[in-house]
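Please look over the sequence and the structure shown here before reading the report that follows.

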Amino acid sequence: MENAAFASGAGIVQAYPGGTMRVLAVEEDPAYLTALTEMLQRHGYQVTAKASPEEGLRALQDNLEGFDLVMTVVRTQGPGIDGFEFLKHAAQRYPVILFSGVEPEETKMRGMLEGACAFLTKPLRDEEVRNVWQHVVARRRLNAASGADARGSDVVAVRQDETVARKRGLDDSGEGGSDGRTAKKNRLNSWSEEELHAAFVKAVEQLRGTEGN
Amino acid sequence: MAAAMQLNTLMSNMFATGLLDDQFQQLQMLQDPSAPDFVAEVVTLFCEDGERIIGELAKLLDKPAVDFDKVDAFVHQLKGSSASVGAQRVKNTCIQFREFCQGKSRDGCLKTLDAVRNDFYDLRSKFQTMLQLEQQVQASFYPKQ
């Protein structure tokens, strides 16, 4: 029964936690915007269609939680920003799929390096459109994992720093309260990996009483 | 029945002569009772936008100093739009057009603009016939009472 429900793309898209997946589709070519919108809707996506990256950016700014995925054309003729500029804004918050006519590999590489999760060639194939939900799920998993890792390393680094400070008998007045811990955490967030490692090693040596020997 | 046969003949001819490719069939497959006018809508939008782009190209190539980058950008747009609806011949002519843009050949661009215009208007005319025949077929299956 579960397999039958997922047999169509619409089944997977509608089983998405939080309901139907919401796509912001941006394309200057009116005929293709119509075709892409229809293809997405056919596969169960809820689509907001905009005719330029400028309009797409306004849609994002007006409704920050209103989308799960952005799909945008790269090359534009009209005034305002192009797809690459739009990508810089949108990719901070959403998975972004770029699409264009045939482009050189360097252009596709640029798109991926600047934050796109895919760079597709128009006209998109039906299965490419059906499967865009995968980028949403992948991004959520990445966000969950990086959020957990960041919290873990912050806790370890703060504890080590506090241990080092106590051993040295440093006067951390003004840094002992929650503001102080926050200030320490913020300083730690700006440390490089090498600096953090060096602090860790120093802390371990101090705990062993081996510093300076 | 006559309208249906004419429509079939027209479509077969458009595919056989390379005017259309299988991307147009992909669009046709998206049309169903939930989107009964989908193909008409897409075709109409393509024709309107194509007309606009060809007008812009003519203006740009009429200037004493031609901005070939702008011309190329419009041709790229028309090429993409043609590819999206399966307008194969227009798309292929655009590919040649871009070569003349990149070679900064005004004569080459002007000749190819004529070719694109002819291909586009030929396609548009056949699309119009197609849509009329489709309406006739629809009317014969679902006559108004």
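## Contacts and make-up of chain A

In chain A, 65% of the contacts with a separation of 6 or more are accounted for by residues 24 or more positions apart. These values come from a predicted model, and in that model chain A has 10 helices and five strands.

## Inside and surface of chain A

Chain A has 213 residues, of which 39% count as buried.

## Where chain A meets chain B

The size of an interface is often given as the accessible area lost when the parts come together. Between chain A and chain B the buried area is about 1,500 Å², with carbon and sulfur atoms giving 61% of this area, and the contact draws on 17 residues from chain A and 23 residues from chain B.

## Polar and charged pairs, and the side of chain A

There is one salt bridge between chain A and chain B: Arg42(A) pairs with Asp32(B), and the closest N and O atoms of the two are 3.5 Å apart. The count of residue pairs in polar contact between chain A and chain B, with both residues at pLDDT 80 or more, is three.

On the side of chain A that touches chain B, helix 3 (residues 30-42) of chain A contributes the largest share, which amounts to eight residues.

Technical notes. Residues are numbered from 1 along each chain as its sequence is written. Chains are lettered from A and ligands numbered from 1 in the order in which they are written. This is a predicted model: local features need pLDDT of at least 70, side-chain atom pairs count only at pLDDT 80 or more; totals for chains, interfaces and linings use all residues. Side-chain values use heavy atoms; hydrogens and water are left out. Contact means heavy atoms within 4.5 Å. Buried area is the accessible area (1.4 Å probe) that two parts lose on being put together, summed over both. A salt bridge is a side-chain nitrogen of Lys or Arg within 4 Å of a carboxyl oxygen of Asp or Glu. A polar contact is a pair of N or O atoms within 3.5 Å; within protein, one must be able to donate a hydrogen and the other to accept it, and residues adjacent in sequence count only if both atoms are side-chain atoms. Helices (H or I, at least four residues) and strands (E, at least two) are DSSP runs, numbered from the N terminus. Buried means under 20% relative accessible area, exposed over 50%, partly exposed in between (1.4 Å probe, protein chains only).
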